[in-house]
Protein chains: 2
Amino acid sequence: MHKELRLDNQICFRLYSAARLVMQAYTPLLNELGITYPQYLVLMVLWEKDSQPVNDIAHRLMLETNTVTPLLQRMEKLGIVCRRKGEQDKRQQIVSLTEKGREMEERAFDIIPKGMGDRLANCPLSINDFQHLAGELDSVIDSLK
Amino acid sequence: MHKELRLDNQICFRLYSAARLVMQAYTPLLNELGITYPQYLVLMVLWEKDSQPVNDIAHRLMLETNTVTPLLQRMEKLGIVCRRKGEQDKRQQIVSLTEKGREMEERAFDIIPKGMGDRLANCPLSINDFQHLAGELDSVIDSLK
DNA sequence: ATATTTTATATCGTAAGCGATTTACATGAT
DNA sequence: ATCATGTAAATCGCTTACGATATAAAATAT
């Protein structure tokens, strides 16, 4: 029985569980908008800067294009983004928000921050703790990406 | 442009990315054992306590049985666990390690801790930082599960 | 004892993720 | 200019996740 191999000693299991549980907390809120968490991530990327090629979106999210392409195809079906061939580089697909996608930012702003605040109300961590956590996660991310 | 909706301000995106990147770091190591990360989690549960019903494994991993059942079916095909009906309660499936599954603990011990240590060598966090991170993640997990 | 409800697991459908390969276009080399 | 190399997306196959539903056995109610 090796203590290194005990579940309770695994930082990765904690990351894996925390990520899943936080995504689950988002789910009912995102359902009101009719989107999933990864779709919400794509929207945040596009709200920040509209009309980007698939590759840029994938890099920003640290995902492969073979994950992002089908994601964008589903979002196109939902009518929240549109895709068109790049003009200088015809290999690219430039992804842009539709009017519906743009309008979702206000709705998200009304629903998500408050909703997540409520869900994390009984979490004992302070704003400071969360900032600290963010920094530590950034260290892990930077050293692995 | 709402700063609350910026990707950089999202603790959840960090958790999601860190979890994926750490799993990716495990992948080449687990490939040597011929298993995936969730399968490794199941093995850790069974190495700790062999012969458990599906429900107990699912609870330990905070997963639903409809995730764990197919996972166990694949592991059975790989010959690392076996499943048999519960004797007192015939609804249960008792999952046990095979000889192959039991032997994998030593191989995992030879490969995983050292391999992950190497991969995180350039991560600036100390042992103390990791313990602190573990505590903060536990707070998030406890308040959401 | 029989009917109702709960519980344990399995099945189905859909959306991610990701390794491997393919296709179309662009870029650089000769 | 032609050919080789590189790059952007897309496609394929497989494994998670998870909501919803089904099925069988157990527990409870009447």
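I began with the contact surface in this predicted model and found that 100% of the interface residues of chain B are also interface residues in chain A, so the copies meet through the same surface. Counting contacts, I noted 59 residues of chain B against 59 residues of chain A.

Next I looked up the buried area, which comes to about 6,000 Å² between chain B and chain A, with 71% of it on carbon and sulfur atoms. I then asked which residues contribute to the part that chain B buries, and I recorded that Leu5(B), Tyr16(B) and Leu144(B) supply 11% of that area, more than any other three residues.

For the polar side of the interface, I listed 18 residue pairs in polar contact, both residues of each pair being at pLDDT 80 or more. I also counted six salt bridges between the two chains, and I noted a salt bridge between the side chains of Arg60(B) and Asp8(A), at 3.2 Å from N to O.

Turning to secondary structure, I found that the elements giving two or more residues to the side of chain B that touches chain A are helix 1 (11-33), helix 2 (37-48), helix 3 (54-61), helix 5 (99-119) and helix 6 (127-144) of chain B. Helix 1 of chain B gives the most, with 15 residues. By residue class, I divided this side of chain B into 38 nonpolar, seven polar and 14 charged residues.

Technical notes
Residues are numbered from 1 along each chain as its sequence is written. Chains are lettered from A and ligands numbered from 1 in the order in which they are written. This is a predicted model: local features need pLDDT of at least 70, side-chain atom pairs count only at pLDDT 80 or more; totals for chains, interfaces and linings use all residues. Side-chain values use heavy atoms; hydrogens and water are left out. Contact means heavy atoms within 4.5 Å. Buried area is the accessible area (1.4 Å probe) that two parts lose on being put together, summed over both. A salt bridge is a side-chain nitrogen of Lys or Arg within 4 Å of a carboxyl oxygen of Asp or Glu. A polar contact is a pair of N or O atoms within 3.5 Å; within protein, one must be able to donate a hydrogen and the other to accept it, and residues adjacent in sequence count only if both atoms are side-chain atoms. Helices (H or I, at least four residues) and strands (E, at least two) are DSSP runs, numbered from the N terminus. Ala, Val, Leu, Ile, Met, Phe, Trp, Tyr, Cys and Pro count as nonpolar, Asp, Glu, Lys and Arg as charged, and the others, Gly among them, as polar.
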